[in-house]
Amino acid sequence: MNIPVKQAYSYENFLHYSMCMVGGFCGSYALLLRGNFGSAQTANLIQMFISISEVSVLDAFVRISALGVFMISLFVSSYLREKYTEASVKICLLVEIVGVCMIGVIPRQADDLLALLPLFALTAFQWGVFNGTKEYVSPTLFSTGNIRQCIQAWMDYHLNATESSKVKGTFYGYTLLHYHLGVLVGIALIPVFGVRSILFCLIPLLINLKLESHTRG
């Protein structure tokens, strides 16, 4: 695997990989502290229909609200990416920083689903802006699609020995590595720091904001 480190860690890729670590941390944070995966809506939608079938009005309302927050945040971030491409990364990082600070002060005793509403907004906003690089579509918040792309790229390289497939496979391999590094950091820090552990996400976010400001002005 002779992909130069400089190529694998170009600025765009570095930004992507570091946001994968944030995404992995948020995933473990939501599951370990709140019992829900806060980076997607699949489980929430299933639980919403279960609540509706059980006529659990309050729970269904909260889950519909969570879906609404996620959709609105995704719409706004996607709009910013299309309309203000150059500024969208900086705006997203600022939103993420504010969101992380908000989540970090929500008491552990708060209702788990209500406490996840800001995280739903934060992750949806991240998904709308950070969805890969110019070359590859790659969400920073979950693994399934990235695993498929990684396997297909390396299979193509094995069968056809194309250099582009090797580069692609390496990119998705690094993506999965950094995402799960974020998961492991969350597993290590959450038992020690509890709800405030998410404040550690400020480190990569602030570094990225400084790099973005220096790169694009």
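Cys20 is buried, at a relative accessible area of 1% (buried is under 20%, exposed over 50%, partly exposed in between, with a 1.4 Å probe and protein chains only). The model is predicted: local features need pLDDT of at least 70, side-chain atom pairs count only at pLDDT 80 or more, and totals for chains, interfaces and linings use all residues. Residues are numbered from 1 along each chain as its sequence is written, and side-chain values use heavy atoms, with hydrogens and water left out.

The structure holds zero disulfides (a disulfide is a pair of cysteine sulfur atoms within 2.5 Å). Cys20 is accordingly in no disulfide; its nearest cysteine sulfur belongs to Cys26, 12 Å away. Cys201 is in no disulfide either, and the nearest cysteine sulfur, again that of Cys26, lies 4.8 Å away. Cys201 is buried, with a relative accessible area of 4%.

Pockets were examined next. Rolling a probe the size of a water molecule over the atoms shows where empty space is left. On a 1 Å grid over the protein atoms alone, a pocket is an open set of points where a 1.4 Å probe fits, with protein on both sides within 12 Å along at least five of seven lines; lining residues have an atom within 4 Å of a point. Grid points are joined across faces, edges and corners, and a volume is the space filled by probe spheres set on the points.

The largest pocket has a volume of about 390 Å³. Its lining comprises 15 residues, with Glu12, Arg81, Val89, Lys134 and Arg216 nearest the centre. Helix 2 (11-34) and helix 5 (85-103) are the elements that give two or more residues to this lining (helices are DSSP runs of H or I, at least four residues, numbered from the N terminus). By class, five lining residues are nonpolar, five polar and five charged (Ala, Val, Leu, Ile, Met, Phe, Trp, Tyr, Cys and Pro count as nonpolar, Asp, Glu, Lys and Arg as charged, the others, Gly among them, as polar).

The second largest pocket has a volume of about 240 Å³. Of its 15 lining residues, Ser18, Met21, Val22, Phe200 and Pro204 are closest to the centre. Helix 2, helix 8 (163-193) and helix 9 (202-216) each supply at least two residues. Helix 2 gives the most, with six. This lining has eleven nonpolar, four polar and no charged residues.

Asn36 sits in the loop between helix 2 and helix 3 (42-53). Asn36 counts as buried because its relative accessibility is 17%. Leaving aside residues up to four places away in sequence, Asn36 touches Ala30, Leu31, Arg63 and Leu116 (contact means heavy atoms within 4.5 Å).
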